[in-house]
Amino acid sequence: MISKFGLTLAYDTRGGGYLPTKGQRTELLVESANRAIGSDKDFYKLHFTSAQYFKGLSEGHVIEAIVRTGVVENYGDTTEVPFIERYALGGTSTLRGFDFREVGPRDVKNMVIGGKTMAVGTLEYSVPLPLGDWVRFATFYDIGFVSRNAYDYSFDDYNDDWGIGLRLNIPMLGPMRLDYAFPLTTDAYNDSGGNFNFTFGYTQAF
């Protein structure tokens, strides 16, 4: 049983509708799980995200830059952070060139066990296509790492990828993202093949 409370502070100056063309959204999340409120484990989590949006080289071009980082740590009598609360990367909103939660520290059986420190960054450039306002083409680059220990920001074991995608705004369904990403730097447990991702929304999920 995990019971926790938290506080989120957000600063949002974005403008441009579904696809922001200017401004930023910056968010800080602080959470704590404690036996005093019914939790079986004691730990805290700090998570910071900042997304910046800029106009590109021509009309309708948009640059999206996102940085995320997080730290989770146990305290008191708790000897380890629960698996579900530890960080791992890979998938639609982090490293799109890798399978979901397949990037991170592993145990002796090569199973991902997650880490206590995470950082990931994304840079994306999207342009409108002649087909109409409902479709855009995007190219992107993702980079990130997960460390076993809290507050360990060594970048030695990073992974990165690049890819291309479509941004669709379909009536009755809303905005969608179709991405295909190719790993660049991989570890011994991830292959270099491409990976397809499908999500809702023009922008990356926070």
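User: Hi! Before we look at rings here, what does "a charge sits over a ring" mean?
Analyst: A charge sits over a ring if NZ of Lys or CZ of Arg is within 6 Å of the ring centre and within 35 degrees of the ring normal. This is a predicted model, where local features need pLDDT of at least 70, side-chain atom pairs count only at pLDDT 80 or more, and totals for chains, interfaces and linings use all residues. Residues are numbered from 1 along each chain as its sequence is written, and side-chain values use heavy atoms, leaving out hydrogens and water.

User: Great. Which ring does the charged end of K45 sit over?
Analyst: That of Y87, with the charged end 5.2 Å from the ring centre. The charged end of R96 sits over the ring of F140, 3.6 Å from its centre.

User: Switching topic: how many aromatic pairs are there?
Analyst: Seven. Rings of Phe, Tyr and Trp (its six-membered ring) pair if their centres lie within 6.5 Å; planes under 30 degrees apart count as stacked, over 60 as edge-to-face and the rest as tilted. One of them is F145 with F155, edge-to-face at 4.9 Å centre to centre and 70 degrees between the planes.

User: Are those two buried or exposed?
Analyst: F145 is buried at 2% relative accessibility, while F155 is partly exposed at 40%. Buried means under 20% relative accessible area, exposed over 50%, partly exposed in between (1.4 Å probe, protein chains only).
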